[in-house]
Every structure is written in C-alpha cells, then in structure tokens.
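Here is a short report on one structure.

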Amino acid sequence: MLELRPNCECCDRDLPPGSTEARICTFECTFCASCATEVYKGACPNCGGNFVPRPIRPAEKLVKYPARTERHVRAAPCAHRMV
Ligand SMILES: [Zn+2]
Ligand SMILES: [Zn+2]
C-alpha cells in the first residue's frame with residue numbers, strides 16, 4: 001500500500017491524498033509536479049528512477065487506510081522552496 005506522504009520532499013508544499021500534483025518514484029520518494037519536472041527533469045534525485053503521478057485514494061478509503069502524516073524534506077536546497 002502506498003504511504004501517501006504529505007508533502008513535496010523538495011519545496012515542502014502540501015500534497016494531500018487527493019492532490020493531482022503529487023509525483024512518486026518506485027520507492028515512493030514524493031515530489032510535486034513542478035519540482036519533479038522542472039527541478040529534477042523527471043528523474044528522482046534520491047534513487048535515479050522515474051516519476052509517475054500518484055494515484056488518488058478515494059476519501060472513503062482514507063478512513064480505513066489513512067495517509068502518512070510525517071513530513072520529510074531533503075536536506076539539499078530546493079529552487080522552488082518558499083522562504
Ligand atoms: Zn515541490
Ligand atoms: Zn526515489
């Protein structure tokens with residue numbers, strides 16, 4: 001089951017379970033669409049794999065299978081991070 005991480009590892013923007021902006025790699029490194037395409041050019045900076053759109057988990061399934069809440073942000077500076 002997908003972890004559905006709550007934020008972009010680069011710019012730390014929120015990526016809720018219903019977001020169409022979330023992109024994940026095979027290890028579920030999670031980024032927003034703009035960081036995945038503009039900052040990383042479609043290759044995951046952690047593992048080198050490609051990104052795919054994260055499937056949306058229907059709201060009624062989130063009751064039994066909730067999304068993760070712990071945020072994770074990469075130590076490396078992100079060009080898109082809001083300061
Ligand atoms: Zn981002
Ligand atoms: Zn990765």
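Phe31, Tyr40 and Phe51 are joined into a cluster by ring pairs. Rings of Phe, Tyr and Trp (its six-membered ring) pair if their centres lie within 6.5 Å; planes under 30 degrees apart count as stacked, over 60 as edge-to-face and the rest as tilted. By this rule there are two aromatic pairs. Phe31 and Phe51 make an edge-to-face pair, at 5.5 Å centre to centre and 70 degrees between the planes. This pair links distant parts of the chain, 20 residues apart: Phe31 sits in strand 2, and Phe51 in the loop between helix 1 and strand 3. Helices (H or I, at least four residues) and strands (E, at least two) are DSSP runs, numbered from the N terminus. Both Phe31 and Phe51 are buried. Buried means under 20% relative accessible area, exposed over 50%, partly exposed in between (1.4 Å probe, protein chains only).

This is a predicted model: local features need pLDDT of at least 70, side-chain atom pairs count only at pLDDT 80 or more, and totals for chains, interfaces and linings use all residues. Residues are numbered from 1 along each chain as its sequence is written, chains are lettered from A and ligands numbered from 1 in the order in which they are written, and side-chain values use heavy atoms, with hydrogens and water left out.

**Metal sites**

Donors are N, O and S atoms within 2.8 Å of the metal (3.2 Å for Na, K and Ca); water is not among the atoms, so sites may look incomplete.

| Ion | Donors | Distances |
|---|---|---|
| zinc ion (ligand 1) | Cys8 (SG), Cys11 (SG), Cys32 (SG), Cys35 (SG) | 2.3 to 2.4 Å |
| zinc ion (ligand 2) | Cys25 (SG), Cys29 (SG), Cys44 (SG), Cys47 (SG) | 2.3 to 2.5 Å |

Four donors count as tetrahedral if all angles lie between 85 and 135 degrees; four count as square planar and six as octahedral if opposite donors are over 155 degrees apart and all others between 65 and 115; anything else is irregular. The zinc ion (ligand 1) is tetrahedral because its four donor atoms subtend angles of 99 to 118 degrees. Its donor residues are spaced C-x2-C-x20-C-x2-C in sequence. Cys32 and Cys35 are both buried.

The zinc ion (ligand 2) is irregular, because its four donor atoms subtend angles of 89 to 148 degrees. Cys25 lies in the loop between strand 1 (22-24) and strand 2 (30-32), and Cys44 in the loop between helix 1 (33-39) and strand 3 (52-53), so the pair ties together parts 19 residues apart in sequence. Cys25 is buried at 5% relative accessible area. Cys44 is buried at 3%.

**Core**

A nonpolar core is a set of buried Ala, Val, Leu, Ile, Met, Phe, Trp, Tyr and Cys residues joined through side-chain atoms within 4.5 Å. The largest one has 15 residues, of which Cys8, Cys10, Phe31, Cys35 and Phe51 touch the most other members. Strand 2 and helix 1 each supply at least two residues of this core.

Thr30 belongs to strand 2. Thr30 is buried, at 1% relative accessibility. Its side chain reaches the backbone oxygen of Glu28 at 2.9 Å. Glu28, in the loop between strand 1 and strand 2, has a positive phi near 65 degrees and is not a glycine. Leu4, also not a glycine, has a positive phi of about 55 degrees. Leu4 is found in the segment before strand 1.

How values were computed:
Polar contact = N/O pair within 3.5 Å; in protein donor to acceptor, adjacent residues only side chain to side chain.
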